[in-house]
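This briefing is intended for use alongside the sequence and the model.

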Amino acid sequence: MSEGKNPCALVTLPTRRKLIAGVAMALGALAVRPSVWASAKENQEKSKEAMSAGVEGLLTYLHQEVDIKANRQRIYDALLDSKQFTVFSGAPAEINREAGGTFSLFGGLIVGRNIELVPKQRIVQAWRPADWEPGVFTLVKFELKELGPQTRIILDHTGFPEQNFRHLNSGWYTHYWEPLKKYLA
């Protein structure tokens, strides 16, 4: 049997040649432009910790439930008031408190628009890190459920690009829940 017709062969000879030629061209381009390789490697190293591995790397949504010792009104206000958000997060925030209003959080690192606001109950936002591709927004929904002297915040964050799960999942705790708990204590 010829090599191109071997049913056990995973790749035929012409396909192997194309693959080898493609790899050679790609490596040649990197050799000609070493700055491209260095830049790509640097970006990869910077984002390595933020990227998820395994199944969670494929997730494009997250769900969190956090109990905070404060009433729903205080939490609702802290999430939508520029001054309070700036104080609890430690970074500048500009928030328009109306449905359809825009917001800029953490000194412009997060931007978006309020989609739905139900006082003391729900905040729904089109939300995005400013460094994502233009036009890429996710949906963030905060549900506030009163549980006696505390409130359960139910967060559903959906529609973010794959490989962002671990970074966003930990980011909510680091940049929202922990500082908010301290601020409202």
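Two strands are said to pair if DSSP finds at least two bridges between them. Helices (H or I, at least four residues) and strands (E, at least two) are DSSP runs, numbered from the N terminus. On that basis, Leu-147 stands opposite Gln-150 in β7. The model is predicted: local features need pLDDT of at least 70, side-chain atom pairs count only at pLDDT 80 or more, and totals for chains, interfaces and linings use all residues. Residues are numbered from 1 along each chain as its sequence is written, and side-chain values use heavy atoms, with hydrogens and water left out.

**Overall organisation**

- The chain contains five helices and seven strands, and from the N terminus on its elements follow the order α-α-β-α-α-β-β-β-β-β-β-α.
- Of the 185 residues in the chain, 30% are buried, where buried means under 20% relative accessible area, exposed over 50%, and partly exposed in between (1.4 Å probe, protein chains only).
- Contact means heavy atoms within 4.5 Å; among contacts between residues at least 6 apart in sequence, 47% join residues at least 24 apart.

**The sheet**

- An open sheet is formed by seven strands in the order β1-β7-β6-β5-β4-β3-β2, with antiparallel pairing.
- Strands of a sheet pair through backbone hydrogen bonds, either parallel or antiparallel.
- Eight bridges join β1 to β7 in the antiparallel sense, and Gln-64 stands opposite Leu-155 in β7.
- Strand β6 (residues 138–147) and strand β7 (residues 150–158) are antiparallel partners over nine bridges; Leu-139 stands opposite Thr-158, and Leu-144 has Ile-153 as its bridge partner.
- The hairpin of β6 and β7 has two residues between the strands, and Gly-148 takes a positive phi near 65° there.
- Six bridges link β5 and β6, again in the antiparallel sense, with Ile-123 opposite Phe-142 in β6.

**Helices on the sheet**

- Helix α3 (residues 72–80) lies across β1, β2, β4 (110–118), β5 (122–129), β6 and β7, and runs at about 155° to β6. Axes are lines fitted to C-alpha atoms, for helices over the stretch in contact, and angles run from 0 to 180 degrees between N-to-C directions.
- Helix α5 (residues 165–184) also packs on the sheet, where it touches β1, β3 (102–105), β5, β6 and β7 and makes an angle of about 15° with the direction of β1.
- Within α3, the residues Ile-75, Tyr-76, Asp-77, Ala-78, Leu-79 and Leu-80 are buried.
- At the start of α3, a side-chain oxygen of Asn-71 comes to within 3.1 Å of the backbone nitrogen of Gln-73.

**The contact of α4 with α5**

- The axes of helix α4 (residues 82–89) and α5 come within 8 Å and cross at roughly 100°.
- That makes α4 roughly perpendicular to α5; angles under 35 degrees count as roughly parallel, over 145 as roughly antiparallel, 65 to 115 as roughly perpendicular and the rest as oblique.
- Gln-84, Phe-85, Val-87 and Phe-88 in α4 meet His-175, Tyr-176, Pro-179, Leu-180 and Tyr-183 in α5.
- The residues of this contact divide into seven nonpolar, two polar and no charged. Ala, Val, Leu, Ile, Met, Phe, Trp, Tyr, Cys and Pro count as nonpolar, Asp, Glu, Lys and Arg as charged, and the others, Gly among them, as polar.

**Two residues of strand β5**

- Arg-122 is found in β5 and is partly exposed, with a relative accessible area of 22%.
- The side chain of Arg-122 makes polar contacts with the side chains of Glu-116 (3.2 Å) and Glu-143 (2.6 Å). A polar contact is a pair of N or O atoms within 3.5 Å; within protein, one must be able to donate a hydrogen and the other to accept it, and residues adjacent in sequence count only if both atoms are side-chain atoms.
- Gln-125, also in β5, counts as buried at 4% relative accessibility.
- A polar contact of 3.0 Å joins the side chains of Gln-125 and Asn-114.
- Beyond residues up to four places away in sequence, Gln-125 touches residues including Leu-80, Phe-103, Thr-138 and Phe-142.
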